[in-house]
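Student: Could you take me through this structure one feature at a time, with the general idea before the particular case?

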Amino acid sequence: MIKAGLFSVLCIYGGVAMAAKTLVFCSEGSPEGFNPQLFTTGTTFDASSVPMYNRLVQFELGTTNIVPGLATSWEVSADGLTYTFKLRHGVKFHTTAKFTPTRDFNADDVIFSYNRMAVENHPFHKLAAGQSFAYFNDMGMSKIVDKLEKVDDYTVRFTLKAPESPFLANLAMDFASILSAEYADKMAAAGTPDVIDREPVGTGPFQFVSYQKDAVIRYKAFDKSWQGRPKIDNLIYAITPDASVRYAKLKANECQVMAYPKSADLALMKEDKNIKLLTKPGLNVGYIAFNVEKKPFDNKEVRQALNMAIDKQGILNTVFLGTGMAAKNLIPPTMWSYNDKVKDYAYDPAKAKALLAKAGYANGVEVELWYLPVSRPYNPDGKRMAELIQADWEKVGVKTKLTTFEWGEYRKRSKTGEQHSMMYGWNGDNGDPDNFFKTVLGCDAVQGGGNVARWCNKDYEALVQKAKSLNKQADRAKLYEQAQVIAKEEAPWVTIAHSTRFVPVRKEVVGFKMDATIHNYFDKVDLTK
């Protein structure tokens with residue numbers, strides 16, 4: 001019998017009793033919720049994409065190549081304005097205590113899922129406990145799509161308002177997950193329509209069982225998955241905010257895969273014969289965002305001065321311990337359109353102090369900095385980083401109050417613009433630069449909450465909007481390169497680091513592959529004795 005984490009049980013296959021295989025993933029935090037339409041954080045996507053995993057197209061594991069999902073094929077018109085998708089037949093939705101599907105997935109589910117986000121008077125649009133469709137809004141999808149039509153039960157057609165090069169990649173992202181329209185109708189008839197967001201029903205290889213807040217999420221293998229039944233029977237997310245505790249659980253075989261190890265523990269992990277340390281260059285950026293709607297950050301010279309006042313190399317040495325590289329742009333150098341000609345702000349406290357004086361703050365200024373309460377792939381230790389920045393800013397006369405909140409609350413408050421300055425970051429979801437430029441610094445993303453600097457620059461916006469309308473990568477790259485120059489000059493951020501990603505797994509884990517994004521997929525994973 002395999003001992004794997006929180007429990008291992010006997011199950012029956014063909015009349016033969018077998019040990020159920022249970023894999024435990026030590027995750028870093030609680031999800032904001034279980035419907036990826038509603039949230040933008042990797043913690044939520046990782047947890048909610050497990051049962052959902054039902055998008056028209058998806059990324060090939062480990063790459064950003066687009067492959068069929070719930071659509072088996074698609075055609076794009078010569079003018080780039082219509083995308084016609086042929087849908088997969090025989091796809092089953094999960095069954096729960098409250099829902100027994102009577103039909104397979106079809107076009108009605110696609111129409112419902114999109115319109116729920118796009119149409120403001122849709123009965124399910126304002127349902128989700130005050131949440132907005134943040135990612136949908138950040139991506140400006142309503143401005144991209146003119147209409148979505150059901151051609152027949154297994155064909156849908158999107159008509160765009162203008163050509164949109166990243167459109168297919170956008171549809172492969174978690175916010176484009178497809179919900180069961182039948183489930184929604186049934187819950188609405190029962191007077192509990194909000195259940196569709198709290199108890200996910202998808203077509204993915206694992207189905208949701210239960211969630212104990214801040215403790216554990218349980219999933220089980222879906223026997224009727226269109227992708228084939230997973231090799232493991234039970235998947236558990238053991239929510240463990242402390243990286244040291246996650247590591248201790250991994251060593252004790254209480255979990256078999258862990259999220260976001262501490263940089264200081266990597267050397268020991270490499271030496272442990274029971275652990276395989278997987279690594280991949282991060283498609284990410286960690287940064288400090290200045291809320292430009294609040295003083296003193298409405299002044300560009302202040303923002304530039306605070307850039308100059310931070311010893312970025314000291315942060316890399318102390319916090320990242322050699323696992324990151326200094327960031328000067330909002331995209332990492334591994335991404336096409338990276339502008340290496342951009343010059344970062346050099347560490348120069350004297351110049352920073354002079355610039356603050358020029359901006360009217362010769363006698364100093366008080367600011368508040370929110371720091372990350374959890375480890376993230378772009379920042380292993382938010383508190384330590386904040387302490388270093390606080391000390392650096394103190395040297396130029398800036399007194400900094402450090403503040404943090406529980407991760408879900410941190411995200412929620414940031415969407416409203418409550419923050420003064422805040423520590424944050426971004427992990428690329430689809431490999432297209434638009435996913436960075438528009439989602440975290442675009443004007444639409446101010447309303448959606450992804451642009452926590454709340455910076456909307458018309459020249460930057462014009463370049464980004466034009467870039468996504470072009471087909472040739474070289475032409476798009478030139479515009480993104482110009483946008484990086486503007487972002488550096490205007491300084492809505494302090495770009496801190498691009499970090500290397502690490503995923504430690506137990507030697508008993510077979511078939512786990514790091515994804516190009518921050519997701520963890522377990523449908524191809526097995527466990528050995």
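This is a predicted model: local features need pLDDT of at least 70, side-chain atom pairs count only at pLDDT 80 or more; totals for chains, interfaces and linings use all residues.

Student: How many bridges join β7 to β9?

Tutor: Strands are DSSP runs of E with at least two residues, helices are runs of H or I with at least four, both numbered from the N terminus, and two strands pair if DSSP finds at least two bridges between them. Here five bridges join β7 (residues 82-87) to β9 (residues 155-160), and the two strands run antiparallel.

Student: In which order do the strands of the sheet lie?

Tutor: The four strands form an open, antiparallel sheet in the order β6-β7-β9-β8. Its edge strands, each pairing on one side only, are β6 (71-76) and β8 (145-152).

Student: Why is helix α10 described as largely enclosed?

Tutor: Buried means under 20% relative accessible area, exposed over 50%, and partly exposed in between, with a 1.4 Å probe and protein chains only. Seven of the nine residues of α10 (residues 300-308) are buried, so the rest of the structure largely encloses this helix; among them are V302, R303 and L306.

Student: What does a side-chain oxygen of N299 reach at the start of α10?

Tutor: That oxygen of N299 comes to within 2.8 Å of the backbone nitrogen of E301.

How values were computed: Residues are numbered from 1 along each chain as its sequence is written. Side-chain values use heavy atoms; hydrogens and water are left out. A polar contact is a pair of N or O atoms within 3.5 Å; within protein, one must be able to donate a hydrogen and the other to accept it, and residues adjacent in sequence count only if both atoms are side-chain atoms.
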